[in-house]
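This briefing goes through one model, starting with backbone geometry and ending with the overall fold. The sequence and structure come first.

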Amino acid sequence: MKTFDDYLTYSNRIKPFVKNHVQNLLRADTSVVMDFPGNTQKQRKWLSNIASEINVSHKLIYLNIPDETCLQRLKQRNIENPERANFDTLETFNYVSQYFEKPNDSERLNIVEITQ
C-alpha cells in the first residue's frame, strides 16, 4: 500500500473475510479485539453488526484524546517504525480526521470512553 486510497481498496476487499472469521471466533466463545477503523457511523455499524448478527455483546473503545496527543504519538511511531513514515503523515492524519464522527447514544453501542 502506497496511498490512503490503496488502504481503502484493500480494507474493503477483506471485510467479508474478516467478518466471517471474527464471527466464527465469537461463536467459539473467543474474545476478539479488532483494530479496525470506527471513525464514522457507517464504519461502526459494520463493526457492531458483526456481533449483533450472531447475538454476542461488543464494546467500542473510544479514545477521546486531543489531536496534539495523536500527532505526538504519530511522530514517535514513525521514529520507531520508519517504514510507516511515508503513510503515517500529518496529511493523512488530517485527511482521515476530517471525516471523524463522535460516537453517540443513538448508535446503540457499548462505548468505553478513554480520555487523557
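Arg 108 lies in the loop between helix H4 (90-97) and strand E2; helices (H or I, at least four residues) and strands (E, at least two) are DSSP runs numbered from the N terminus. This is a predicted model, in which local features need pLDDT of at least 70, side-chain atom pairs count only at pLDDT 80 or more, and totals for chains, interfaces and linings use all residues. Residues are numbered from 1 along each chain as its sequence is written, and side-chain values use heavy atoms, with hydrogens and water left out.

**Positive phi**
- Arg 108 has a positive phi, near 55 degrees, and is not glycine.
- Arg 108 is exposed at 74% relative accessibility (exposed is over 50% relative accessible area, buried under 20%, partly exposed in between; 1.4 Å probe, protein chains only).
- Asp 29, in the loop between helix H1 (4-27) and helix H2 (41-52), has a positive phi near 65 degrees.
- Asp 29 is also exposed, with a relative accessible area of 73%.
- Most residues other than glycine have a negative phi.

**Fold**
- The protein has four helices and two strands, in the sequence pattern α-α-β-α-α-β.
- Its C-alpha atoms fill a box of roughly 40 × 30 × 25 Å along the principal axes.
- Of the 116 residues, 25% are buried.
- Among contacts (heavy atoms within 4.5 Å) between residues at least 6 apart in sequence, 65% join residues at least 24 apart.
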